[in-house]
Amino acid sequence: MQTIRNHAMTVTVDEMGAQLMSITAADGTEYLWNGDPAYWSGRSPILFPYVGRLTNDRYTYGGREYEMTRHGFARRTEFSVLAQGKDHITLHMEDTAESRKGYPFAFHFDVSYVLEDNMLVIVYATENMDSKVLFFGVGGHPGFRVPLEAGKSFDDYRLTFDQPCRPNRVLLGESYMISGQEAPYALENDVHLPLHHDLFDHDAIILKNFARSVTLSAGEGSRGVSLACPKMRYLGVWHQPKTDAPYVCLEPWVSLPSREGVVEDLSQQFDLISLPPRQRYENRWTVTIF
């Protein structure tokens, strides 16, 4: 475990998967989900080089078939510390002979966490070390405690987008893969999404065309957390289906899972990042506690 801190917050990161393990305010309030396996053992896994499920855990590239489990392999990879200071840390992973058996690319992938007052900046940086185009997806999966304070219940909380918007929901099929269909997803007054447990009975709510900053709170004056993801195309909202789980995940994604029944060709999936040789890609998002 590695810890960074400033006057407003303390953040702990696990080198396994470069996963956030704790976001604690100066007064000791914990904002991040604790990973209780009775509901969900994750806390904030990093999704790389694929977001979500592949049909039969398989994809093709260059005429060959490869296997990759859900959300890619970064979350099960030991990162090394590349740089660290009191209020920042960068963790690093790169391809190996073993990783190339399931993902035939040479790459570097760095995750940086930087504290700026009561805001945590997360930066994903991918460098193509190969002589061919690198195809990948990337995303975050942080879970936040709900409720965040005594005297509140899950149903007291809502998501509030910072600007009015009329997003579309990406619909899932019977096996929770992408169905290829979308539908308008109505927000209260075009800004609010009230939380209740049965929202997630059919897995994640995946939104596109949404305002890129959203706040989780129980209303004015309550503790809350804001997530801003200006360069992410999708936002997943989730907790373990058909449970009363005391958390909600706000998941900024750059790409979608596989289409249902389709073994995707990695070079043809429309929303993956296509990074030319020796080029670098960065995507940053933020978590602000209040």
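User: What makes R212 count as lying over the face of F210?

Analyst: In this predicted model, R212 is placed 5.0 Å from the ring centre of F210. A charge sits over a ring when CZ of Arg is within 6 Å of the ring centre and within 35 degrees of the ring normal, and therefore R212 is described as lying over the face of F210.

User: Which ring does the charged end of K231 sit over, and at what distance from its centre?

Analyst: The ring is that of Y281, with the charged end of K231 5.8 Å from its centre. The limit of 6 Å applies to NZ of Lys as well.

User: Why is the pair of Y61 and F105 called tilted?

Analyst: A pair of aromatic rings is described by the distance of the centres and the angle of the planes. The centres of the Y61 and F105 rings are 4.9 Å apart, and their planes meet at 55 degrees. Rings pair if their centres lie within 6.5 Å, and planes under 30 degrees apart count as stacked, over 60 as edge-to-face and the rest as tilted. The angle of 55 degrees therefore makes this pair tilted. The structure holds 19 aromatic pairs.

User: How do you know that this pair links distant parts of the chain?

Analyst: Y61 belongs to strand β5 (residues 58-61), while F105 lies in the loop between α1 (99-102) and β9, and the two are 44 residues apart.

User: Are Y61 and F105 buried or exposed?

Analyst: Buried means under 20% relative accessible area. Y61 has 15% relative accessibility and therefore counts as buried. F105, with a relative accessible area of 0%, is buried too.

User: What is the accessibility of L159, and which residues is it in contact with?

Analyst: L159, in strand β14 (residues 158-161), has a relative accessible area of 0% and is buried. Beyond its neighbours within four places in sequence, L159 is in contact with V191, H192, L193, L195, V214, T215, L216, V237 and L250. L159 and L250 are 91 residues apart in sequence, with a C-alpha to C-alpha distance of 9.7 Å.

User: Which residues touch the most other members of the largest nonpolar core?

Analyst: They are I23, Y103, F109, Y113, L120 and L216, in a core of 75 residues. Strand β9 (residues 107-116) gives the most to this core, with five residues. A second, separate core has 15 residues, among them W40, L47, I178 and C249.

User: Why are β1 and β3 said to stand at the edges of their sheet?

Analyst: The open sheet of three strands runs in the order β1-β2-β3, with antiparallel pairing. β1 (2-5) and β3 (19-25) each have a single partner strand, so one side of each lacks a neighbour in the sheet. The average twist is 20 degrees from one strand to the next.

User: What makes β19 and β20 count as paired?

Analyst: Two strands pair if there are at least two bridges between them. Five bridges join strand β19 (residues 213-217) to β20, and therefore the two antiparallel strands meet this criterion. S217 stands opposite G224 in β20.

User: How do you know that β20 is mostly covered?

Analyst: Four of the five residues in strand β20 (residues 224-228) are buried.

Definitions and conventions:
Residues numbered from 1 in each chain as written. Predicted model: local features only at pLDDT ≥ 70, side-chain atom pairs only at ≥ 80, totals over all residues. Heavy atoms only, no water. Core = buried A, V, L, I, M, F, W, Y, C linked by side-chain atoms within 4.5 Å. Buried < 20%, exposed > 50% of the residue type's maximum accessible area, 1.4 Å probe, protein only. Contact = heavy atoms within 4.5 Å. Axes fitted to C-alpha atoms, helices over the stretch in contact; angles between N-to-C directions. Phe/Tyr/Trp six-rings, centres within 6.5 Å; stacked < 30°, edge-to-face > 60°.
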